[in-house]
Amino acid sequence: MLITNDNLAGVFQGFRTSFNKGFEGAKSHYADVAMIATSSAEDETYAWLGQFPKLREWVGERIVRNLMAHGYKIVNRKFEETIAVGRPKIEDDRYGIFDPMFREMGKAAAEYPDELVFSLLGMGFSEECYDGQYFFDVDHPVRLDGEQTVSVSNVQAGAGAPWFLLDCSRAFKPLVFQERIKPVFTALDKESDHNVFWQDEYIYGCRARGAAGFGFWQLAFGSKAELNAENYEAARAAMLNMKGDGGRLLGIKPDTLVVGPGLEGAAMRLVNNGTRIVTVDGTPVPVTNEWAGTAKPIVTAWVGA
């Protein structure tokens, strides 16, 4: 190939097409569990976290609920992936061998929010959320009347692989994905570019800005106990009976079960199978699985084993 601006533009378009195919073909799940928040600055502060809107009977005048200024801040981060293509590969029409690389770059660009969002679940046992407690904790403070507070738990003790039960049915979500700049595919392929002159190579890359943070802990339950029917039932009961400030039931409806690869089989059997096995007098007996269809399973490596 003769190296001209027009031909290089064609090569760039071909690489970008491969990038777009990888991006559009990727399967991601972050939008299932995270609110998508558009950011316009270096960081964003979510002062409204902790406030669950709920209608009350109108007796007398309206009661104005001021948003609590928790000051939970999510700072945007930068992300990139870069590939160098030697000029001889372009000259010799060998650049097609890079097509899989650019498809994978596009796939990675579409899936990087998954890594940010789901890894937060795994860190939720030791990272603080808006109320100053760990996201999964035994003593989240909830006010009943006036200054009286009680401790509310959204965690189950254990020492095994973690699993998470979430309510993703509403506009609020357990997590937040903050998008500052969508992934953009660009190139350094001009003869005057430093890399072309000194290294005899063209550089193509993707850049994005964003971050993830904790949303409402009330919508998430974390466990390191064995993933079985009994512990799953206890987790659901804790969420269904969750109360907010003033002792109001929040109407939590757990509908998503997130696990790592090591618990994939247990999760699928628990929420997909029509029957399950119980032991009666030492004998395994099949019974109707009352938990079938109660949650959508999501398996992701980012939460840990």
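## Strand β8 and its two partners

On another strand, β12, Phe164 stands opposite Val258. Strands here are DSSP runs of E with at least two residues, numbered from the N terminus. Two of them pair if DSSP finds at least two bridges between them.

Phe164 belongs to β8, which covers residues 163-166. The partner β11 spans residues 220-223 and runs antiparallel to β8, with 4 bridges joining the two. Strand β12, residues 256-259, is also antiparallel to β8 and is joined to β8 by 4 bridges.

Which way do the side chains of β8 point? Trp163 and Leu165 point one way, while Phe164 and Leu166 point the other way. All four are buried, meaning under 20% relative accessible area with a 1.4 Å probe and protein chains only.

## About the model

You are looking at a predicted model, in which local features need pLDDT of at least 70 and side-chain atom pairs count only at pLDDT 80 or more, while totals for chains, interfaces and linings use all residues. Residues are numbered from 1 along each chain as its sequence is written, and side-chain values use heavy atoms, leaving out hydrogens and water.

Strand β4 (residues 77-86) pairs with β10 in the antiparallel sense over 10 bridges, and Ala84 stands opposite Ile203 in β10. Strand β9 (residues 175-188) also pairs antiparallel with β10, over 11 bridges. Glu179 has Gly210 in β10 as its bridge partner.

Technical notes
Buried < 20%, exposed > 50% of the residue type's maximum accessible area, 1.4 Å probe, protein only.
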